[in-house]
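Me: I am new to this structure and want to know what stands behind the labels put on it. Please set each value beside its definition.

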Amino acid sequence: MAREHVDAVLAGEEIAVQLERAVRLISGRGMSCASERERERALGFLVRRGYSLELAYEAVREAERLSEAA
């Protein structure tokens, strides 16, 4: 999918929806974000999927919080 198509799709969604989807993507891939290496991998994964760096970083932080609570 071309980058402009990804941007168009993501621009039409609310930030909270994008964040929730990104966190689900991370957890669906089994990335707990408990270690620095997993956080870096998850961040790169989301950015390559078209998420902005800022949103990807927030999703990784949320996934980390969820893994700490579990």
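Me: Why is E36 called partly exposed?
Reply: E36 has 46% relative accessibility. Buried means under 20% relative accessible area, exposed means over 50%, and partly exposed is in between, with a 1.4 Å probe and protein chains only. E36 therefore counts as partly exposed. The model is predicted, so local features need pLDDT of at least 70 and side-chain atom pairs count only at pLDDT 80 or more, while totals for chains, interfaces and linings use all residues. Residues are numbered from 1 along each chain as its sequence is written, and side-chain values use heavy atoms, leaving out hydrogens and water.

Me: What makes the contact of R39 and E36 a salt bridge?
Reply: A salt bridge is a side-chain nitrogen of Lys or Arg within 4 Å of a carboxyl oxygen of Asp or Glu. The side chains of R39 and E36 meet at 3.0 Å, N to O, and form a salt bridge. Both residues lie in helix α3, three residues apart, or about one turn of the helix. Helices are DSSP runs (H or I, at least four residues), as are strands (E, at least two), numbered from the N terminus.

Me: Why does R39 count as buried?
Reply: R39 has 19% relative accessibility, and therefore counts as buried.

Me: How do you know that R39 forms a salt bridge with E64?
Reply: The closest N and O atoms of R39 and E64 are 3.2 Å apart. This pair links distant parts of the chain, with R39 in helix α3 and E64 in helix α4 (residues 53-69), 25 residues apart. Elsewhere, salt bridges that share partners join E58, R61, E62 and R65 into one network. The whole structure has six salt bridges.

Me: Is E64 buried or partly exposed, and why?
Reply: E64 has a relative accessible area of 22%, so E64 is partly exposed. The C-alpha atoms of E64 and S35 are separated by 8.8 Å, although the two residues are 29 apart along the chain. S35 is found in the loop between α2 (15-28) and α3. With 32%, S35 is therefore partly exposed as well.

Me: Why is M31 called buried?
Reply: M31 has a relative accessible area of 7%, and so is buried. M31 is found in the loop between α2 and α3. Not counting residues up to four places away in sequence, M31 touches I26, E38, R41, A42 and F45; contact means heavy atoms within 4.5 Å. M31 and A63 are 8.3 Å apart, C-alpha to C-alpha, and 32 residues apart in sequence.

Me: Why does R37 count as exposed?
Reply: R37 reaches 62% relative accessibility, and therefore counts as exposed. R37 lies in helix α3 (residues 36-48).

Me: How many helices and strands are there in the protein, and how much of the protein counts as buried?
Reply: The protein has four helices and zero strands, which run α-α-α-α from the N terminus on. Of the 70 residues, 29% count as buried.
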